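Trainee: Could we go through this structure together? I would like to begin with the sheet and finish with the ligand.

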Amino acid sequence: MTGKFDGKVAAITGGASGIGLATAEALLAEGATVVLVDRDAAALRALTERHGAACIAQVTDLLDADSCNAMVPQILDKTGRIDILHCNAGTYIGGDLAETDPATIDRMLNLNVNAVMKNVHAVIPHMTARGSGDIMVTCSVAGHSAIPWEPVYSGSKWAITCFVQTMRRQLMKHGIRVGQVSPGPVISALLADWPEENLRKAKENGALIEPSEVADAVVFALSRPRNVTIRDMIVLPSNFDI
Ligand code: NAD
């Protein structure tokens with residue numbers, strides 16, 4: 001442990017699994033207090049028991065408007081401060097638009113886009129009042145390339161890429177840094193729908209990375225001195241060609 005994040009509070013949405021959990025564990029190892037935000041209360045219970053007092057659970061369903069809007073105030077009640085907000089929770093769906101149920105489109109946009117914007121909106125007064133803060137968003141390589149087999153997911157991530165870039169400009173005058181990490185395929189529960197055969201081949205071919213690889217990039221960016229901003233980090237497996 002280097003203690004680089006001693007005294008800092010990081011809130012991470014989707015913190016009970018995958019990239020969010022790997023980032024939380026990396027920040028805990030560097031001395032941060034971490035608030036894991038997730039709708040999976042059982043997973044949060046197990047994680048806070050495992051990691052002790054520096055790991056705090058915040059049960060929030062980001063698809064529920066009241067729960068989503070209450071998230072930042074509830075975290076501030078528990079910790080008194082948020083130095084880092086990592087908007088990471090997201091969901092995935094591939095396939096042709098014509099075969100996608102409109103309710104699925106709503107869920108995707110509500111979680112991948114609306115919840116991110118609302119969580120950032122809610123934390124701005126707190127960070128602005130302190131003249132400091134870091135906002136990190138997990139986007140995707142699909143938010144930088146037009147991937148034909150996932151139009152809704154890709155569209156949601158392009159929206160959030162643009163949001164990050166505009167918020168970076170809007171918030172820099174308040175001492176708030178806004179960055180994003182855009183992974184390629186990562187081994188996580190999000191890929192549960194991938195056919196077993198595709199997953200096996202992708203692993204064998206080095207076309208998937210671990211959540212910890214993404215977490216390392218996030219921690220590196222957040223640990224730069226405050227006069228340094230790392231803008232858009234694209235983290236890809238070496239064997240990736242889109
Ligand atoms: P994951 O499924 O392992 O973790 C997602 C977490 O979000 C889970 O703990 C889940 O309970 C939580 N969550 C889902 N819906 C929620 C809701 N309504 N309210 C609160 N919490 C909710 O997935 P992951 O791969 O770690 O994905 C994290 C982020 O990374 C997502 O934004 C995803 O789009 C992005 N991403 C993932 C990949 C990949 O290949 N896995 C690639 C690029 C980008």
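Mentor: What follows covers the sheet, the helices and the ligand shell in turn. Please keep in mind that this is a predicted model.

Trainee: Understood. How many strands form the sheet, and in what order?

Mentor: There are seven strands in an open sheet, and the order is β3-β2-β1-β4-β5-β6-β7. The pairing is parallel.

Trainee: Which strands stand at the edges?

Mentor: Those are β3 (55-59) and β7 (232-235). Each has a single partner strand, so one side of each is left without a neighbour in the sheet.

Trainee: And what does the twist average from one strand to the next?

Mentor: The average is 15 degrees.

Trainee: Let us look at one pair. How many bridges join β4 to β5?

Mentor: Strand β4 (residues 84-87) and strand β5 (residues 133-138) run parallel and are joined by four bridges. As for a particular partner, I84 is bridged to D134 in β5.

Trainee: Now the helices. Which strands does α1 lie across?

Mentor: Helix α1 lies across β1 (9-13), β2 (33-38), β3, β4, β5 and β6 (176-183). Its direction is at about 170 degrees to β1. Helix α4 (residues 102-130) also packs on the sheet, where it touches β1, β4, β5 and β6. The direction of α4 makes about 170 degrees with that of β4.

Trainee: Changing topic to helix pairs: at what angle do α1 and α7 cross?

Mentor: The axes of α1 and helix α7 (residues 211-222) cross at roughly 50 degrees and come within 8 Å. That angle makes α1 oblique to α7. The crossing is right-handed.

Trainee: Which residues make that contact?

Mentor: From α1, the contact uses G18, I19, L21, A22, T23, A26 and L27. From α7, the residues are P211, S212, V214, A215, D216, V218 and V219. By class, the residues of this contact are 10 nonpolar, three polar and one charged.

Trainee: What about α4 and α5; how do their axes lie?

Mentor: The axes of α4 and helix α5 (residues 151-171) come within 9 Å and cross at roughly 10 degrees. That makes α4 roughly parallel to α5. On the α4 side the contact is made by I105, M108, L109, N112, V113, V116, M117 and V120. On the α5 side it is made by V152, Y153, S156, K157, A159, I160, F163 and M167. The contact of α4 with α5 has 13 nonpolar, two polar and one charged residues.

Trainee: And α3 with α4: is the crossing left-handed or right-handed?

Mentor: The crossing of α3 and α4 is right-handed. The axes of helix α3 (residues 65-79) and α4 cross at roughly 35 degrees and come within 9 Å. In α3, the residues C68, N69, M71, V72 and L76 meet A115, K118, N119, A122, V123 and H126 in α4. Seven nonpolar, three polar and one charged residues make up this contact.

Trainee: Finally, the ligand. Which residues come nearest?

Mentor: Of the 29 residues around the ligand, the nearest are G14, S17, G18, G90 and S188.

Trainee: Which helix gives the most to that shell?

Mentor: Helix α1 (residues 18-29) does, with three residues.

Trainee: And how does the shell divide by class?

Mentor: The shell around the ligand has 14 nonpolar, 11 polar and four charged residues.

How values were computed: Residues numbered from 1 in each chain as written. Predicted model: local features only at pLDDT ≥ 70, side-chain atom pairs only at ≥ 80, totals over all residues. Near = placed C-beta within 6 Å. Helix = DSSP H or I, 4+ residues; strand = E, 2+ residues; numbered from the N terminus. Nonpolar A, V, L, I, M, F, W, Y, C, P; charged D, E, K, R; others polar. Axes fitted to C-alpha atoms, helices over the stretch in contact; angles between N-to-C directions. Parallel < 35°, antiparallel > 145°, perpendicular 65-115°, else oblique. Left-handed = near helix turned anticlockwise from the far one by under 90°. Contact = placed C-beta atoms within 7 Å. Pairing = 2+ DSSP bridges.
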